[in-house]
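This report describes selected local features of one structure.

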Amino acid sequence: MKLMTQKKSFENQQKEQQRCIQATMLRIKHKIAVISGKGGVGKSTVTVNLAAAFVTHGLHGKVGILDADITGPCVPKILGLKGERLQGGPAGIELALSPYGIKATSMAFLLPSDESPVIWRGPLKMKAIQQFLSDILWGDLEFLFIDLPPGTGDEPLSIMQLLPEMDGVVIITIPSEVSQEVVKKAVSFSRKLNVPIIGIVENMSGFVCPECGAEYDIFGSGGGQKIAEDLGVPFLGKIPIDPQVCEDSDRGTPFVLEHQDLKSTKAFMEIVEKIEGFLKNETRNKIDDSSNNDRSLHTTEEEK
Ligand code: ADP
């Protein structure tokens, strides 16, 4: 009997949390997850710079990042929010605001120090993600970018299940064959969960020597484009290796804002344009769908 009551109260708590997530997420217009098959391919760098690129469209304070990498959170460092702590109030938990006007939350804001590891199994990580979505005061946002840990484990699965209305995923890879193999898994994962794939980005694609101008394909070349063609998903573009990208990230400044003349920034902005194109198409399709629905309702009424 006691067990039954506990089960019922757990189910009620879950329902209440799901209702909270839905209410919070209704106030966020676009949600985009950034995923990769492997770690170290530049996923967090791309997430932060995407948010930075979108914030420049008059969206100061209207763009957020959820760092959903519970065990290896990197967003605060790249965003210039290292050492920040989440502040709780009666209404909920306040987000940290970066100097660039990007709101963010991360497990790193809850850890006592940089060296503290998070040694959690799946259910605890899932609970943390649920709370990030339900208990944080996200407010009205135009964009939420979600930086997911590499692979297709607990956190990506939780996010996809908790946010079924996600606009889509951007998949990051490097050109090497090893990376291409795991990209296939990321594509299958998104397809299995019915999440639209906005496209693949090939990061760390070639290096131009600043001394002699010679080009080197350190991790190979064209792997991202090839895998996109093979799998029938859009290819969004290539970002070259640039020591400035790494330096800016280490300093906590988005390279797209700090160094607008870089080849990497120009390449990145072309990727941003393609993502905007995807979102415009998506909005148009939604409007078409709703007017078709209106029309079919109208016909049905007339037929009556
Ligand atoms: P992930 O999130 O996939 O683990 P990160 O975004 O943390 O990868 O990037 C890993 C490292 O590579 C970081 O030090 C970052 O500054 C660097 N990096 C990412 N993209 C580039 C690039 N295009 N050129 C140079 N360094 C890069």
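**Backbone exceptions**

In which strand is the place of M204? M204 lies in strand β9 of this predicted model. Although M204 is not a glycine, its phi is positive, at about 55 degrees. Most residues other than glycine have a negative phi. M204 counts as buried because 25 C-beta neighbours lie inside 10 Å, the cut-off for burial being 20 or more.

A positive phi is also found at N194, with a value of about 60 degrees, and N194 is likewise not a glycine. N194 belongs to the loop between α6 (177–192) and β9 (197–208). Is N194 buried or exposed? N194 is exposed, since 9 other C-beta atoms lie within 10 Å, and a residue with 12 or fewer is placed in that class.

**Surroundings of the ligand**

Which residues come nearest to the ligand? Of the 18 residues around the ligand, these are G42, K43, S44, T45 and S249. At least two residues of the shell are supplied by each of α2 (43–55), β9, β11 (235–241) and α8 (243–251).

By residue class, the shell around the ligand comprises seven nonpolar, nine polar and two charged residues.

**Packing of α1 and α4**

Two packed helices are described by the angle between their axes and the distance between the axes. For helix α1 (residues 2–25) and helix α4 (residues 122–134), the axes come within 8 Å and cross at roughly 45 degrees. The two helices, α1 and α4, are therefore oblique to each other, given that angles under 35 degrees would count as roughly parallel and those of 65 to 115 as roughly perpendicular.

Which residues of α1 and α4 meet? On the side of α1 they are Q17, C20, I21, T24 and M25, and on the side of α4 they are Q130, L133 and S134. The residues of this contact divide into four nonpolar, four polar and no charged.

**Contacts of K185**

Helix α6 contains K185. K185 is partly exposed because it has 13 C-beta neighbours inside 10 Å, a count that falls between the limit of 12 or fewer for exposed residues and that of 20 or more for buried ones.

With which residues is K185 in contact, leaving aside its neighbours within four places in sequence? The contacts of K185 are with G37 and T152. K185 and G37 are 148 residues apart along the chain, yet their C-alpha atoms are separated by 6.8 Å.

Conventions
Residues numbered from 1 in each chain as written. Predicted model: local features only at pLDDT ≥ 70, side-chain atom pairs only at ≥ 80, totals over all residues. Helix = DSSP H or I, 4+ residues; strand = E, 2+ residues; numbered from the N terminus. Near = placed C-beta within 6 Å. Nonpolar A, V, L, I, M, F, W, Y, C, P; charged D, E, K, R; others polar. Axes fitted to C-alpha atoms, helices over the stretch in contact; angles between N-to-C directions. Parallel < 35°, antiparallel > 145°, perpendicular 65-115°, else oblique. Contact = placed C-beta atoms within 7 Å.
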